[in-house]
Amino acid sequence: MASEQTPTPKQQPSSTAAHKIVLFEQENFQGRFHELSGPCPNLKEAGMEKIGSLVVHCGPWIGYEQASCKGEQFVFEKGEYPRWDSWTNSRRSDTLGSLKPVKLDGHEHKIILFENPNFTGKKIEIIDDDVPSFHAHGYQEKVSSIRVLNGTWVGYQYPGYRGYQYLFEKGEYKDNTEFGAQHPQIQSVRRIRDMQWHQRGIFHPTN
C-alpha cells in the first residue's frame with residue numbers, strides 16, 4: 001500500500017536499490033513527490049512539472065535542464081538539496097527535464113585534460129585527487145579534450161567548483177561538444193565517489 005505521507009528528507013530507503021532519488025514539487029521537501037530508481041528521459045511526462053527540492057538516497061545521479069538528457073548538467077550525490085540553488089550556481093536555469101543514474105568506475109581515479117581538440121597541446125594530469133583550481137596548479141589553458149582513464153569525474157566552468165557542471169565518465173572526449181560544453185572552459189574538477197550520507201548536497205556557495 002502506498003503511503004500518503006511525505007517521507008522525511010533523511011528517511012533511508014527500504015530497498016537495497018543501487019540508485020534512489022526522491023523529487024519534491026516544492027522547496028524544502030514539501031508537496032507531491034516522485035521516486036525514481038532508474039532513468040527518466042522526460043520528468044514532465046512522468047508527472048513532475050516542477051521540481052523544487054530533492055533527496056538522493058542512493059546515487060550518484062545526473063540531471064539535465066531539458067528532456068532527453070540535453071542542456072545544462074547537474075550532478076547529484078547522496079544528500080539533501082532543499083532548493084534549486086543547492087544543486088547549481090550557474091543561475092541560468094531552475095528546471096530539471098530528465099534524470100539518469102551515474103555508474104561509478106572503481107576506486108581509482110585518473111583524468112588527463114588537454115588544451116586543444118584531439119588530445120593535443122598542453123595538458124594537466126590528475127590522479128586520485130580533487131583540484132579546486134587549475135590555475136593554482138600552473139595550468140591556465142582552455143580544456144578542449146579529455147581522457148578519463150579511471151573513475152567518474154565532474155568538471156566545472158570556474159574555480160571552486162562553480163559554474164556549469166560537466167560529467168566525465170571513463171572514455172575519451174575529442175572536443176568540448178562531446179562533454180556538452182559550448183566553450184572549452186574547465187577550471188576545476190573533482191572525483192565522484194560513493195559517499196556516505198551527509199546533511200546537504202555536494203556544493204554550497206558560501207554566504
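Analyst: Happy to! Let's start with burial. Buried means under 20% relative accessible area, and E72 is buried because its relative accessible area is 5%. Keep in mind that this is a predicted model.

User: Where does E72 lie?

Analyst: E72 lies in strand β5, which spans residues 70-76.

User: And which residues is E72 in contact with, leaving aside its neighbours within four places in sequence?

Analyst: With those neighbours set aside, the contacts of E72 are G63, Y64, E65, T88, S90, R92, S93 and Y164. For T88 there is a further detail: its side chain and that of E72 are joined by a polar contact of 3.4 Å.

User: Now the charged pairs, please. How many salt bridges does the count come to?

Analyst: A salt bridge pairs a side-chain nitrogen of Lys or Arg with a carboxyl oxygen of Asp or Glu within 4 Å. By this rule the model has 9 salt bridges. One of them is between the side chains of K122 and E141, at 3.5 Å from N to O. K122 sits in strand β9 (residues 120-127) and E141 in the loop between β9 and β10 (145-150), so this pair links distant parts of the chain, 19 residues apart.

User: Is K122 buried or exposed?

Analyst: K122 counts as exposed because its relative accessibility is 51%.

User: What about D130 and R191: which interaction do their side chains make?

Analyst: D130 and R191 meet in a salt bridge, 2.9 Å from N to O. D130 is in the loop between β9 and β10 while R191 is in strand β14 (residues 188-191), so the pair ties together parts 61 residues apart in sequence. For accessibility, D130 counts as partly exposed at 23%, whereas R191 is buried, with 14%.

User: Which residue forms a salt bridge with R147?

Analyst: That is E172, and the closest N and O atoms of the two are 2.7 Å apart. The pair links distant parts of the chain, with R147 in strand β10 and E172 in strand β13 (residues 171-173), 25 residues apart. R147 is partly exposed at 29%, and E172 is partly exposed at 44%.

User: One last thing to read: which residues do salt bridges with shared partners join into one network?

Analyst: D130, R191 and R193 are joined into one network in this way.

Notes:
Residues are numbered from 1 along each chain as its sequence is written. This is a predicted model: local features need pLDDT of at least 70, side-chain atom pairs count only at pLDDT 80 or more; totals for chains, interfaces and linings use all residues. Side-chain values use heavy atoms; hydrogens and water are left out. Helices (H or I, at least four residues) and strands (E, at least two) are DSSP runs, numbered from the N terminus. Buried means under 20% relative accessible area, exposed over 50%, partly exposed in between (1.4 Å probe, protein chains only). A polar contact is a pair of N or O atoms within 3.5 Å; within protein, one must be able to donate a hydrogen and the other to accept it, and residues adjacent in sequence count only if both atoms are side-chain atoms. Contact means heavy atoms within 4.5 Å.
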